[in-house]
Amino acid sequence: MAKLTTTTTLAALLAFGLSGTALADIKIGATLSATGPAAFLGDPEAKTLEMLVKDLNAKGGINGEKVDLVSYDDGGDPNKARTFATRLVEDDEVVAIIGGTTTGTSMTIIPVAEDAEVPFISLAGAIEIIDPVRPFAFKTPHTDKMACAKIFENMKTRGFTRIGMISGSDGFGDSMRKQCLAIVGDYGIEVAADERYGPQDADMTPQLTNIKGTDGIQAVLNPGFGQGPAIVTRNYHQLAIDLPLYQSHGVASKGFIDLAGKDAAEGVRLPGTALLVGDLLPEGDPQKPVVDAYKAEFEKETGTPVSTFGGYAHDAFAILVDAIKRAGSDDPQAIRDAIEKTSGLVGTTGTVTMSPEDHLGLDLTAFRMLEIKDGGWTLVE
């Protein structure tokens with residue numbers, strides 16, 4: 001018995017250290033769509049977080065404390081995402097949450113994070129996530145409204161004034177459609193055909209045929225993510241529609257090109273991040289060292305090509321680690337305050353500077369207009 005007491009006492013002393021403060025891991029939560037219809041988004045996000053946590057802990061953690069990642073796979077189901085977010089704050093007692101692979105899952109996580117006063121960094125695109133600004137909700141991807149603006153800027157330079165749209169009816173597709181319709185007139189462009197498709201639709205030929213038959217159409221825009229845009233792109237090619245096709249940043253991955261097919265994807269334009277064209281960036285570009293390092297590490301670790309979506313998780317983790325370091329604390333309120341003061345943080349998506357009025361911290365200069373050529377990415381500008 002004496003030996004047990006001595007061992008227990010020694011363990012307690014080691015746990016508390018010389019300062020008398022208990023050493024504990026910093027628990028960070030994640031709920032991601034690693035499987036299901038949004039797996040091409042969530043899988044690289046999950047792998048990125050696991051890789052970054054492993055690397056950070058090998059280097060000593062944050063301010064000398066290791067990071068404990070508690071991650072759940074919500075399969076893209078908003079109800080599961082809400083359940084897991086609740087579990088993360090109530091049972092796992094995490095100090096922050098990264099996740100919300102999709103707009104739908106993000107929107108169900110937000111009220112849980114706000115009620116628990118735990119910072120949440122979303123990896124989804126819709127502007128509703130951060131507009132209106134909520135105290136504990138942040139995000140890393142450009143908003144769908146910014147994507148619309150970047151696309152319309154490019155269309156305007158090409159002299160397009162009359163376009164067709166075919167949008168997904170999922171959370172992201174619906175949000176981006178609304179944002180595009182709200183600002184398209186600012187660029188002197190008219191939407192002459194406005195078609196929709198559902199998340200489970202396997203053929204968009206009827207909608208595209210309607211667009212093709214509309215007089216004066218000069219280009220087509222497809223707000224959407226998931227398999228829908230790849231089907232649209234294949235059907236577009238099959239119908240031999242000889243007009244420029246634009247996609248959203250929601251398909252900015254090699255997986256989209258593979259799913260749509262090299263020939264069908266040829267010439268498609270979309271706004272994307274520097275991560276996809278790191279090898280084309282000049283040496284003086286501040287993002288080049290960041291995207292090159294992440295790309296090399298991710299592809300070595302996973303054996304798969306890097307994607308924009310993993311980059312969103314990379315930036316969320318970088319923002320969170322930076323905030324915890326500056327806060328000098330793992331108190332959720334202190335972390336929230338530090339995230340809001342993020343300034344000049346260079347990530348794969350852009351250079352992030354947040355404020356009480358801006359919980360994204362990116363502008364249009366962080367977007368690159370990309371075009372698919374020969375099965376790969378090229379810079380338009």
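I searched the whole structure for cavities and found one of 30 Å³ or more. A cavity here is a set of points on a 1 Å grid over the protein atoms alone where a 1.4 Å probe fits but cannot get out. The model is predicted, so I noted that local features need pLDDT of at least 70 and side-chain atom pairs pLDDT 80 or more, while totals for chains, interfaces and linings use all residues. Residues are numbered from 1 along each chain as its sequence is written, and side-chain values use heavy atoms, with hydrogens and water left out.

The largest cavity has a volume of about 140 Å³, taken as the space filled by probe spheres set on the points, which are joined across faces, edges and corners. I counted 16 lining residues (an atom within 4 Å of a point). L41, A124, G125, F172 and G250 lie nearest the centre of the largest cavity. Helix 2 (39–58) and helix 12 (308–327) each give at least two residues to this lining; helices are DSSP runs of H or I, at least four residues, numbered from the N terminus.

Next I checked the core. The largest nonpolar core has 116 residues: buried (under 20% relative accessible area, 1.4 Å probe, protein chains only) Ala, Val, Leu, Ile, Met, Phe, Trp, Tyr and Cys joined through side-chain atoms within 4.5 Å. F152, M155, L208, F317, L320 and I339 touch the most other members. Helix 12 supplies the largest share of this core, 10 residues.

Notes. On a 1 Å grid over the protein atoms alone, a cavity is a set of points where a 1.4 Å probe fits but cannot get out, and a pocket is an open set with protein on both sides within 12 Å along at least five of seven lines; lining residues have an atom within 4 Å of a point. Buried means under 20% relative accessible area, exposed over 50%, partly exposed in between (1.4 Å probe, protein chains only).
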